[in-house]
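Grab a pencil and have a look at the model below. Each exercise comes with a solution you can follow one step at a time.

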Amino acid sequence: MERVILHCDLNSFYASVECLYNPSLRNVPMAVGGDIEKRHGIILAKNQPAKKYDIKTGEAIWQAMSKCPGLIVVPPRFSLYMRFSQKVRDIFSRYTDRIESFGIDEAWLDVTGSVHLFGDGKKIADEIRQTIRQELGITASVGVSFNKVFAKLGSDYKKPDATTVITRENMKDIVFPLPVSDLLYVGYATTKKLHRYGIYTIGDLANADLAFLKRRLGKWGEYIWIFANGEEHSPVLPQLYEPYVKSIGNSTTAPRDLTTWQDIGIITHVLAESVAARLRDHQFKCSTVTVYVRDNELEHFTRQCKLEYPTDISREIAQSAMRLFRENIDFSKPLRSIGIKASDLSVGSSAVQLSFFTDQALRERESAIDKAFDQVRQRFGFYRIQRGCMKSDTLLSGFNPKGEHVIFPEGYFKAGE
Amino acid sequence: MAGKMYVDVIVHHQADGKIKPLVIIWKNGVKYAIDKVTQVTLAASLKAGGAGVRYTCIIQGVSRYLFLEDDRWFIEKGD
């Protein structure tokens with residue numbers, strides 16, 4: 001039996017929730033943006049009137065303001081959006097248990113097993129849209145198709161508050177004329193390559209020679225060719241399945257430019273503590289540490305190194321990160337933001353090969369210190385216990401990346417491609 | 001202007017877990033008894049700006065919406 005897959009996309013999610021709670025914002029251009037004071041200044045979402053000014057998710061607030069001087073920017077309230085996201089999920093679960101979230105504002109639903117109860121894909125999609133509108137006061141676009149990739153194209157096809165059905169019969173009319181960059185996983189770089197080969201639309205890609213694509217783009221060439229032809233069969237991952245975590249990272253834009261090793265050291269320790277604490281929360285250890293550096297002209301680079309042992313110890317992560325920073329930073333330009341990412345994860349309890357040349361007793365003591373930190377912070381709050389170096393500049397150290405972890409909407413990553 | 005007004009409510013928490021609002025207490029202390037609840041549903045209020053459980057209440061012969069949003073009650077202020 002042909003599958004029935006829905007992709008549901010909450011339109012301008014953050015902005016819609018803010019407009020629901022503040023009716024005076026509904027008819028004026030408004031956006032949800034990061035903290036201007038602390039310079040986390042990007043647009044996370046915008047409402048319909050703001051779209052007329054060509055304001056883009058992911059651009060800097062000052063850029064958006066120059067396009068639309070009257071733009072009202074409100075700070076994000078993530079806990080509120082998480083609550084709404086959960087309520088939307090509750091609505092989905094009236095129809096199926098096969099729900100796969102894609103960011104906070106998008107999800108795939110496999111309703112193949114529910115059509116005999118509730119009617120065909122379009123009927124379920126229309127009902128879900130109506131329910132979201134009535135119960136939550138926000139809107140969604142839904143794509144209905146026989147695979148996940150086309151369902152996603154469908155939800156992008158018509159916005160806001162619309163259902164688009166893509167079948168094997170109409171796919172050539174709807175999907176094939178779309179620009180190839182609309183296809184999932186065809187990012188900026190791939191699009192440029194495909195243009196070079198004269199492939200501009202999804203139809204061009206579907207009709208391209210597979211052997212040629214494989215030669216030019218490797219295995220991704222084959223994947224996107226399969227996507228374009230509607231032959232993608234990956235399942236919608238059921239509700240209880242948490243996608244496997246591949247890395248854990250934190251980054252921050254500092255309240256002032258970073259110009260000395262002391263500045264870098266303070267931020268590095270805050271970030272490393274957060275990354276290590278999150279590793280411990282999930283019982284992971286990491287074997288690779290990656291650092292990210294962006295200067296005040298927004299140029300950026302990443303560097304990574306392998307660790308000798310898998311670790312979740314703050315000091316070891318901080319040390320590796322500091323070494324990478326020292327090897328790669330010359331302060332020719334002041335730095336604006338830095339980040340640390342732990343990857344190559346293993347499950348924390350798995351056996352570790354000990355070495356003669358490492359002070360294992362010291363490692364165990366440091367591990368105990370980290371756990372004590374966790375417990376104090378859990379009981380009394382994050383700022384109750386801090387490393388001494390944090391006190392040397394409380395402006396720089398005064399943030400809690402673990403607790404204030406920013407969740408970007410999917411649109412942010414699209415814009416960043 | 002239309003808007004959101006939080007109100008005090010006297011509520012009957014029933015043994016089966018249902019919640020039934022009985023009396024709305026206005027800011028000036030005046031009590032309005034809810035004669036009947038005719039519908040309970042999840043709903044958003046575009047007028048007030050919020051979303052939660054919406055109780056359609058008959059008060060002195062007039063039908064009004066009363067919303068329970070998380071742990072606070074509100075009504076839609078008139079135009």
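**Exercise 1.** Leaving out residues up to four places away in sequence, which residues does A:Ser314 touch?

*Solution.* Before we start, keep in mind that this is a predicted model.
- Step 1: find the residue. A:Ser314 sits in helix H14 of chain A, which covers residues 314-328.
- Step 2: list its partners. With those sequence neighbours set aside, A:Ser314 touches A:Ala272, A:Glu273, A:Ala276 and A:Asp370.
- Step 3: take one partner and check the distance. A:Glu273 is 41 residues from A:Ser314 along the chain, yet their C-alpha atoms are separated by 5.0 Å.
- Step 4: decide whether it is buried. The cut-off is 20 or more other C-beta atoms within 10 Å. A:Ser314 has 25 such neighbours, so it counts as buried.

**Exercise 2.** Is A:Val175 buried or exposed, and where in chain A is it found?

*Solution.* 
- Step 1: locate it. A:Val175 lies in the loop between helix H8 (171-174) and helix H9 (188-196) of chain A.
- Step 2: count neighbours. There are 24 other C-beta atoms within 10 Å, so A:Val175 is buried.
- Step 3: name the contacts. Not counting residues up to four places away in sequence, A:Val175 touches A:Phe150, A:Leu153, A:Ile166 and A:Ile202.
- Step 4: From A:Val175 to A:Asn229 is 54 residues along the chain, and 9.5 Å between C-alpha atoms.

**Exercise 3.** Which residues of H4(A) are buried, and how are they arranged around the helix axis?

*Solution.* 
- Step 1: check the helix length. H4 of chain A (residues 78-92) has 15 residues and reaches 21 Å from first C-alpha to last, close to the 21 Å expected at 1.5 Å a residue.
- Step 2: pick out the buried residues. They are A:Tyr81, A:Phe84, A:Ser85, A:Val88 and A:Phe92.
- Step 3: look down the axis. The buried residues of H4(A) fall within an arc of 105 degrees, so they line one face of the helix.
- Step 4: recall the general rule. An α-helix has 3.6 residues a turn, so residues three or four places apart point the same way.
- Step 5: On the face away from the buried side you'll find the exposed residues A:Ser79, A:Met82, A:Gln86 and A:Asp90.
- Step 6: see what the buried side packs against. The list is strand S1 (5-10), H1, strand S5 (99-101), strand S6 (106-110) and H6, in chain A.

**Exercise 4.** What span should H6(A) have at 1.5 Å a residue, and which of its residues are buried?

*Solution.* 
- Step 1: work out the span. H6(A) has 16 residues and should span 22 Å; its end C-alpha atoms are 22 Å apart, which agrees.
- Step 2: list the buried residues. These are A:Gly121, A:Ile124, A:Ala125, A:Ile128, A:Arg129, A:Ile132, A:Glu135 and A:Leu136.
- Step 3: Down the axis of H6(A), the buried residues fall within an arc of 155 degrees, so they line one face of the helix.
- Step 4: look past the end. Just after H6(A), A:Gly137 takes a positive phi of about 70 degrees.

**Exercise 5.** Which residues touch the most other members of the largest nonpolar core?

*Solution.* 
- Step 1: name them. In this core of 69 residues, they are A:Leu6, A:Ala31, A:Leu109 and A:Leu205.
- Step 2: find the biggest contributor. H1(A) supplies the largest share of this core, 6 residues.
- Step 3: bring in the domains. Domain 1 (1-171) and domain 2 (176-239) of chain A each give the core at least three residues.
- Step 4: go back to H1(A). The helix is mostly covered, with 8 of its 9 residues buried.

**Exercise 6.** How many residues of chain A are in contact with chain B?

*Solution.* 
- Step 1: read the count. 8 residues of chain A are in contact with 7 residues of chain B.
- Step 2: find their elements. Helix H1 (13-21) and helix H6 (121-136) of chain A each supply at least two residues of the side that touches chain B, and H6(A) gives the most, with 3 residues.
- Step 3: sort by type. The residues on this side of chain A divide into 4 nonpolar, 3 polar and 1 charged.
- Step 4: glance at the partner. Chain B has 0 helices and 8 strands.

Key: Residues are numbered from 1 along each chain as its sequence is written. Chains are lettered from A and ligands numbered from 1 in the order in which they are written. This is a predicted model: local features need pLDDT of at least 70, side-chain atom pairs count only at pLDDT 80 or more; totals for chains, interfaces and linings use all residues. Two residues are in contact if their C-beta atoms, placed from the backbone, lie within 7 Å. Helices (H or I, at least four residues) and strands (E, at least two) are DSSP runs, numbered from the N terminus. Ala, Val, Leu, Ile, Met, Phe, Trp, Tyr, Cys and Pro count as nonpolar, Asp, Glu, Lys and Arg as charged, and the others, Gly among them, as polar. A residue is buried if 20 or more other C-beta atoms lie within 10 Å of its own, exposed if 12 or fewer, and partly exposed in between; C-beta atoms are placed from the backbone. A nonpolar core is a set of buried Ala, Val, Leu, Ile, Met, Phe, Trp, Tyr and Cys residues joined through C-beta atoms within 7 Å. Domain bounds come from an automatic or database domain assignment. The expected span of a helix is 1.5 Å times one less than its number of residues. The arc is that of the directions from the helix axis to the C-beta atoms.
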